[in-house]
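Look at the sequence and the fold first, then read on.

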Amino acid sequence: MKKIVEIRNLRKTFCKGDICVANSLNLHLFEGEIFTVLGTSGSGKTTFLRMIAGLEKPDSGEISIDNRIVFSKNIDIEPNQREVAIVFQNYALLPHINVASNILFGSNATKKELEDILEKTKLKGHEDKYPHELSGGQQQRVALARAIINRPKILLLDEPLSNIDTELRNILRAELKEMIKSLNITALFITHDKEDAFFLSDRIAIMHGGDILQVGTSKEIYNNPADLYCAKFLGKVTKIDEKSYIRPENINICENAEREGVIKDIIFYGSFYEITVLSNNQNLLVHSFDDNLKIGQKIKLSFGNKILKF
Ligand SMILES: Nc1ncnc2c1ncn2[C@@H]1O[C@H](COP(=O)(O)OP(=O)(O)OP(=O)(O)O)[C@@H](O)[C@H]1O
Ligand SMILES: [Mg+2]
């Protein structure tokens with residue numbers, strides 16, 4: 001697979017080196033993939049995206065886009081020459097101009113190209129409307145259309161789905177994924193939301209304190225987290241001995257198991273129960289679908305084979 005973006009030893013500090021937001025980052029994006037940088041607030045995601053776009057100057061390192069170095073010791077290509085486009089969190093549509101003008105803003109695309117993009121983003125018939133006359137999904141598509149009309153090599157998305165209520169967010173992210181995939185765009189998506197990352201991404205990088213801790217598919221990083229931070233960031237774990245941890249869904253309640261325990265608490269989460277079981281002086285979290293479990297009940301447990309070792 002062709003690498004469309006390559007990041008080598010990228011470093012960035014703020015405030016005279018006090019805050020390290022990029023600690024020698026190395027990453028690559030394959031053509032056509034949705035790659036997500038997932039991290040908590042302040043982990044350095046936006047700064048990373050801005051460095052790729054040319055809006056923030058790295059201290060050192062190298063950035064290549066489609067085999068062209070856009071940043072290195074002696075090179076710093078202007079943002080508008082990097083062939084990247086950004087979709088911001090609030091879409092940043094201009095309220096006083098219509099859809100067509102928003103899409104064409106700052107672009108020298110032809111009428112034919114506009115027609116083409118309206119078609120591809122399912123905005124045909126809406127071109128004369130103003131942003132306030134559009135639904136959330138349509139606004140997102142205008143932002144997307146504006147970003148991709150100049151055929152960028154990479155689309156950068158900075159938390160476009162945050163601050164939106166759950167129901168609409170689920171619709172928007174499904175549309176976003178379908179649109180990006182059907183147009184075969186390479187996208188770098190950044191978010192603090194694990195579920196959005198799992199839903200959208202071909203691969204995910206976990207960022208923390210300016211470091212990339214792990215890169216992999218959602219399944220790889222969930223099942224084989226690089227360290228305890230990644231394990232806990234992606235889901236719950238219980239410590240079972242000095243170096244071993246287990247996720248709640250990998251503990252089974254079964255009658256012929258060896259290990260005994262008593263149910264201390266049961267929380268109903270809709271599609272499953274989360275049960276706290278006291279066993280060998282340890283509180284274990286266990287996920288179950290059994291409607292008949294009761295607090296105080298004695299049960300037997302077996303551990304599945306997905307034990308995490310750190
Ligand atoms: N221009 C700046 N000057 C000084 N410090 C900055 C600057 N920009 C960002 N920072 C600091 O760098 C760190 C990373 O910020 P960044 O915006 O990249 O985080 P983020 O992961 O995008 O967070 P969020 O999820 O809240 O958007 C933070 O501690 C932030 O305060
Ligand atoms: Mg940010």
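Two strands count as paired if DSSP finds at least two bridges between them. Under that rule, G261 stands opposite I299 in β18. The model is predicted.

**The β15 pairings**

Strand β15 covers residues 259–268 and is joined by four bridges to β18, residues 298–303. These two strands run antiparallel. β15 also pairs with β16, residues 273–279, in the antiparallel sense over six bridges. Within that pairing, I263 has V277 of β16 as its bridge partner. β15 and β16 form a hairpin, with four residues between them. In the turn, G270 has a positive phi of about 90°.

**The ligand site**

Which residues surround ligand 1? The shell consists of F14, C15, V21, T40, S41, G42, S43, G44, K45, T46, T47 and E159. By class, three of these residues are nonpolar, seven are polar and two are charged. Helix α1, residues 45–53, gives the most to the shell, with three residues.

On its own, ligand 1 has 640 Å² of accessible area, and the protein covers 61% of that.

Strand β1 spans residues 3–14 and is joined to β2 by eight bridges. The two run antiparallel. T13 stands opposite C20 in β2.

**The mixed sheet**

Six strands form another open sheet, in the order β7-β8-β9-β3-β10-β11. Here the pairing is mixed. Why is one side of β7 and of β11 left without a neighbour in the sheet? β7 (84–87) and β11 (211–216) stand at the edges, each with a single partner strand, so one side of each has no neighbour there. On average, neighbouring strands of this sheet are turned by 20° against each other, direction ignored.

Strand β3, residues 34–39, is joined to β10, residues 203–208, by five bridges. These strands run parallel. V37 stands opposite A205 in β10. Helix α4, residues 136–148, packs on the sheet and touches β7 and β8 (154–158). The direction of α4 makes about 165° with that of β7.

**F233 and its contacts**

F233 is found in helix α8, residues 228–234. Leaving out residues up to four places away in sequence, F233 touches L38, G39, T40, H192, K194 and I206. T40, one of these, is also in the shell around ligand 1. Q89 is 144 residues from F233 in sequence, and their C-alpha atoms are 23 Å apart in space.

Methods: Residues numbered from 1 in each chain as written. Chains lettered and ligands numbered in written order. Predicted model: local features only at pLDDT ≥ 70, side-chain atom pairs only at ≥ 80, totals over all residues. Heavy atoms only, no water. Near = heavy atom within 4 Å. Areas by Shrake-Rupley, 256 points an atom, 1.4 Å probe, with all protein chains shown as cover. Nonpolar A, V, L, I, M, F, W, Y, C, P; charged D, E, K, R; others polar. Axes fitted to C-alpha atoms, helices over the stretch in contact; angles between N-to-C directions. Contact = heavy atoms within 4.5 Å.
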